[in-house]
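Thank you all for making time this morning. I would like to walk slowly through one structure with you, so please keep it in view while I talk.

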Amino acid sequence: MRPISYSRVADVGTAVGTVTADPASAFLAGGTTQVDLLRIYVEQPRRLVDINDLPLRDIEELPNRGLRIGALARMNEVAEHPSVIDRSPLVSQALLLGASPQLRNMASIGGNLLQRTRCTYFRDVSTACNKRTPGTGCAAMDGVNRGHAVLGTSDQCIATHPSDLAVALVALDADVIAEGQRGRRSIPVHEFFLPPEDTPDIEHPLDHGELIVDVEVPPAPDGSTSLYLKVRDRESYEFALASVAVALRVEGGMVVEVRLALGGVATVPWRARRAERMLTGQPATTENFAAAAREELAPAVARGMNGFKIELACRTIVRALETVAPDGAR
Amino acid sequence: MQVTVTVNGEEYTRDVDTRLLLVHFLRDHLGLTGTHWGCDTSNCGVCTVWLDGVPVKSCTVLAVMADGHAVRTVEGLERNGTLDPVQEGFVQCHGLQCGFCTPGMMLTARWLLDHNPDPSEEQIREAISGQSCRCTGYENIVRSVRWAAEHSTVEATK
């Protein structure tokens, strides 16, 4: 790790002002990803501004039956909070299926959204990576890319977005609340995660020094049943090969409303809008679930080792929908 | 930078480099070598200690982040010469072979039992899932934690 200066801040204004004023500085929250990246020289700020003392750890119930979750609340605190279990079980499930208890005790909600990809080439400074060092190429394209994305990729980058929480938030149309020099703003979560396109190094719309302060999570659609289903190489402490966040409302055998988002297969937490459109108003049958899944994965691009994810994602979508459909599905 | 950290109930003040990891602060600056240093990438979990009452991986915490906070290490499990039931369980059920993962395993087990005094095998396996053991195949570790649950003579400790 390079020599680094460290300070603590007690209020949001000072935190934002301090980091905004110094391009070589960075916020430090739980540090579970960041300290690793500092150590392997992937991130090299000269100054860390520790924001753990900021009063951003509360979890509040909103009048719309939604939740406001402080950006510094720890993953475990949020997952086990009675209001979250009651109002947003999808968020609780997604959090508990991520990382391990020791990491969830430290990792913050804001940090979870801003965590960097686990692409091994991104984390190895001796290899080409357009996300880490723009213009150097992408070693993953023809490399060991079994874990890489099949949706939302570009010829610059195929790194998978690692967060489970973000997949649930995308399904629920959450908002990311950020504060910067220009004041406070609300960013719809589907606009927060930027696909790589020609600038894979730019992952979100935040300015340098702009700080996530809260996440607002609306309730799942009335009458819906939700589930976060994660498929991976081992049952715990592993990233998704494919995951699905679903909220489904069926009446009289017909899909009235469906929210569907995918993790583990895309460069961003992936809202499956093609599948949603295809299913809405149709009978809730396994056949229709499978057709919608194929429709969603139609634009998928496989490279080398990750082609299996296309079929896996389809099957995971079908299983998730069958699980939440009343009486399974026909 | 000067930091003051309460470790196992005792305050320690030391001058440290801001880059120093908590695991090295405990081992090299305080001489508490019960906390082990393993993968250095927050994967293996052998460096697990409690920070403000919850298990965390001390290779992913800067020592300066712990300034003003409370840490508990494996040296703080025993009370007045009496082993914690978790430690006793590892003895009784052969929960260790090389011993490298043991301090972290026991600290996570203590935390689990404080919150869930009668955990199922599945809950124990989930709790220790962030920690690798290359000797035991985990069977005897799970048995050791169950032993501690069944022999919980001492009160849950903080």
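This is a predicted model: local features need pLDDT of at least 70, side-chain atom pairs count only at pLDDT 80 or more; totals for chains, interfaces and linings use all residues.

Let me begin with A:R234, which counts as partly exposed because its relative accessibility is 45%; for that word, buried means under 20% relative accessible area, exposed means over 50%, and partly exposed lies in between, using a 1.4 Å probe and protein chains only. The side chain of A:R234 meets that of A:E238 in a salt bridge, at 3.8 Å from N to O, where a salt bridge is a side-chain nitrogen of Lys or Arg within 4 Å of a carboxyl oxygen of Asp or Glu. A:E238, at 23% relative accessibility, counts as partly exposed.

Residues are numbered from 1 along each chain as its sequence is written, chains are lettered from A and ligands numbered from 1 in the order in which they are written, and side-chain values use heavy atoms, with hydrogens and water left out.

Let me stay with the charged pairs for a while. Side chains of opposite charge can pair when their charged atoms come close. How many salt bridges does the structure hold over all chains? There are 35 salt bridges over all chains, and I will pick out a few of them.

One is between A:D36 and A:R123, whose side chains meet at 3.9 Å, N to O. This pair links distant parts of the chain, since A:D36 is in helix α2 of chain A and A:R123 is in the loop between α7 (109-114) and α8 (165-171) of chain A, 87 residues apart; helices (H or I, at least four residues) and strands (E, at least two) are DSSP runs, numbered from the N terminus. A:D36 is buried, because its relative accessible area is 5%, whereas A:R123, with a relative accessible area of 22%, is partly exposed.

In chain B, B:D84 forms a salt bridge with B:R110, and the closest N and O atoms are 2.8 Å apart. Here too the pair links distant parts of the chain, with B:D84 in the loop between β5 (70-72) and α2 (85-92) of chain B and B:R110 in helix α3 (residues 102-115) of chain B, 26 residues apart. Are these two residues buried or exposed? B:D84 is buried, at a relative accessible area of 3%, and B:R110 is buried as well, at 2%.

Back in chain A, there is also a network of salt bridges, which links A:D173, A:E257, A:R259, A:R271 and A:E276.

Now let us turn to where the chains meet. The contact takes 28 residues from chain A and 30 residues from chain B, contact meaning heavy atoms within 4.5 Å. About 2200 Å² is buried between chain A and chain B, and carbon and sulfur atoms give 57% of that; buried area is the accessible area (1.4 Å probe) that two parts lose on being put together, summed over both. Two salt bridges are counted between the two chains, and B:E126 forms a salt bridge with A:R104, with the closest N and O atoms 3.9 Å apart. On the side of chain A that touches chain B, β1 (5-8), α2 (34-39), β3 (47-50) and α6 (101-104) of chain A each supply at least two residues, and α6(A) gives the most, with four residues.

Next, please find A:Q93, which is in helix α5 (residues 89-96) of chain A and counts as partly exposed, at 27% relative accessibility. Leaving aside neighbours within four places in sequence, A:Q93 is in contact with A:S226, A:L227 and A:Y228.

I will finish with rings. A search of the whole structure finds one aromatic pair over all chains. It is formed by A:F192 and A:F193 and is edge-to-face, with 5.1 Å centre to centre and 85° between the planes; rings of Phe, Tyr and Trp (its six-membered ring) pair if their centres lie within 6.5 Å, and planes under 30 degrees apart count as stacked, over 60 as edge-to-face and the rest as tilted. A:F192 counts as buried, at 0% relative accessibility, and A:F193 counts as buried, at 7%.
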